[in-house]
Amino acid sequence: MARTGEVVRETRETKISVRVDLDGAGQTRIVTGIGFLDHMLDSLGRHGALDLEVEAKGDLHIDFHHTVEDVGIVLGQAVRQALGDFRGIRRFGLAVIPMDETLTRCAIDLSNRPYLVWRTAFPTPKVGDMDTELFKEFHHAFASNAGACVHLETFYGANSHHIAESGFKALGRALREAVEIDPRAGGQAPSTKGSL
């Protein structure tokens, strides 16, 4: 059974379409109009082994906020859709990603109880043209809409590009582990409650 999600969201500020295959091979096609965000989503898809298509058109003449946040919303919704009833998955994922001088950890629980713990700081206000404060907005929107509890923490780092990228790679790797089908689960929900 295909574990795919496809969501289109259109507002007065953005028009975004996302298609995701949880059992993909990391093939991506990303066009958001924000070069650095494209790079981050490509990293997330490749390291998460997600086939990922993202197309976004937003009010970039104002700033990048609406587009970045809305991409997080729609990606989260597509992942949530692809998960279905969460049955048979491993549920938890953990990744620790070194990138030169930076070390970042992401732990994820696909619990259907969204939450974000964000312990990441950037030494510069921008990476390229993108405001570094928007990375938290993306992760919050993703977690809220995917039904994921995400803890993202950068232990140390000096380069804002490395800090951001290690975070997206860590999220991708942790998500890859969490969505994986657990052959020992027997198709059951990974919860003592019997459902998530």
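A residue is called buried when its relative accessible area is under 20%, exposed when this is over 50%, and partly exposed in between, with a 1.4 Å probe and protein chains only. The model is predicted, so local features need pLDDT of at least 70 and side-chain atom pairs count only at pLDDT 80 or more, while totals for chains, interfaces and linings use all residues. Residues are numbered from 1 along each chain as its sequence is written, and side-chain values use heavy atoms, with hydrogens and water left out.

View 1. A82 is placed in helix α2, residues 65–83, where helices (H or I, at least four residues) and strands (E, at least two) are DSSP runs numbered from the N terminus. With a relative accessible area of 6%, A82 is buried. Leaving aside residues up to four places away in sequence, A82 touches R3, T4, G5, V20 and L22, a contact being heavy atoms within 4.5 Å. One of these residues, R3, is 79 residues from A82 in sequence, although the two are 4.8 Å apart in space, C-alpha to C-alpha.

**View 2. The open sheet of four strands.** The 4 strands of this open sheet follow the order β5-β6-β10-β7, with mixed pairing; two strands pair if DSSP finds at least two bridges between them. At the edges are β5 and β7 (115–119), each of which pairs on one side only, and the twist averages 10° from one strand to the next. Strands of a sheet pair through backbone hydrogen bonds, either parallel or antiparallel. Between β5 and strand β6 (residues 102–109), which run antiparallel, there are 8 bridges, and the bridge partner of G93 in β6 is I108.

View 3. Helix α3 (residues 134–146) lies across β7 and β10 and runs at about 155° to β7. Helix α4 (residues 160–179) packs on the sheet, where it touches β5, β6 and β10, and its direction makes about 150° with that of β5. For such angles, axes are lines fitted to C-alpha atoms, for helices over the stretch in contact, and the angles run from 0 to 180 degrees between N-to-C directions.

**View 4. Strand β4 and its partners.** Strand β2 (residues 14–21) is joined by 8 bridges to strand β4 (residues 51–58), and the two run antiparallel; here K15 has K57 as its bridge partner in β4. Strand β3 (residues 28–31) pairs with β4 in the parallel sense over 4 bridges, and the partner of R29 in β4 is E53.

**View 5. A nonpolar patch on the surface.** L94, V96, F155 and Y156 form this patch, which has about 390 Å² of accessible area together. The elements giving two or more residues to the patch are β5 (92–99) and β10 (149–156). Y156, placed in strand β10, is partly exposed, with a relative accessible area of 48%. Patches are made of residues with over 30% relative accessible area and no salt bridge, with like charges joined within 9 Å and nonpolar side chains (Val, Leu, Ile, Met, Phe, Trp, Tyr) within 5 Å. A salt bridge is a side-chain nitrogen of Lys or Arg within 4 Å of a carboxyl oxygen of Asp or Glu, and accessible areas come from the Shrake-Rupley method with a 1.4 Å probe, where for residues only the protein chains shown count as cover.
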